[in-house]
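Q: I have a structure to look at and I would like to learn how to read it step by step. Could you guide me through the surroundings of a ligand and then through a helix?

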Amino acid sequence: MPDTTFVTRPATTTKPERPKLYKVILINDDYTPREFVVMVLKAEFKMGESNASAVMLTAHRKGSCVIAVFPRDVAETKAERATDLGRSRGFPLQFTTEPEE
Ligand code: TYC
C-alpha cells in the first residue's frame, strides 16, 4: 500500500461568479395604445397601476425604458411573452433584453 499523499491547494482568493443579469427594455412605438402597454406591464411584470403608467410614459417620451433585471432565461422569457401579447393583438409592441454592464 502506498503512503497517502496529501496535496495542499493554494488558498482561493476569488469568489464564485454571480450569474450575469439582463435588463428587460420596453421600446416605444407609434401604434400600441397606452392602456394596452400598461396592461401588459401589469400582467407580465407584476407592476401596480401607477408604476406601470410611469414606465409606459418614460418609454413614450424617451424612446425606451428599462423595466427590470433578471437572470438571462427569465429576462428572455418575459420579454418574449410580453412582445407576443402585443403581436397577438396586432400591435408592434417590443420588449428587448441586454446584459447589464
Ligand atoms: N407611443 C404610444 C402611443 O402614443 C404608446 C406607447 C408607449 C407605445 C410606450 C409603446 O413602449 C411604448 N400610443
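**The ligand and its shell**

A: α2 contributes the most residues to the shell around the ligand, namely 3, where helices (H or I, at least four residues) and strands (E, at least two) are DSSP runs numbered from the N terminus. This is a predicted model, in which local features need pLDDT of at least 70 and side-chain atom pairs count only at pLDDT 80 or more, while totals for chains, interfaces and linings use all residues. Residues are numbered from 1 along each chain as its sequence is written, and side-chain values use heavy atoms, with hydrogens and water left out.

Q: Which residues surround the ligand?

A: A residue is near a molecule if one of its heavy atoms lies within 4 Å of it. Here the ligand is surrounded by residues including Leu-26, Asp-29, Thr-32, Met-56 and His-60, and β1 (21-27), α1 (34-45) and α2 (49-62) each supply at least two residues of that shell.

Q: Which residues of α1 are buried?

A: Buried means under 20% relative accessible area (1.4 Å probe, protein chains only). In α1 the buried residues are Phe-36, Val-37, Val-38, Val-40, Leu-41, Glu-44 and Phe-45.

Conventions: Buried means under 20% relative accessible area, exposed over 50%, partly exposed in between (1.4 Å probe, protein chains only).
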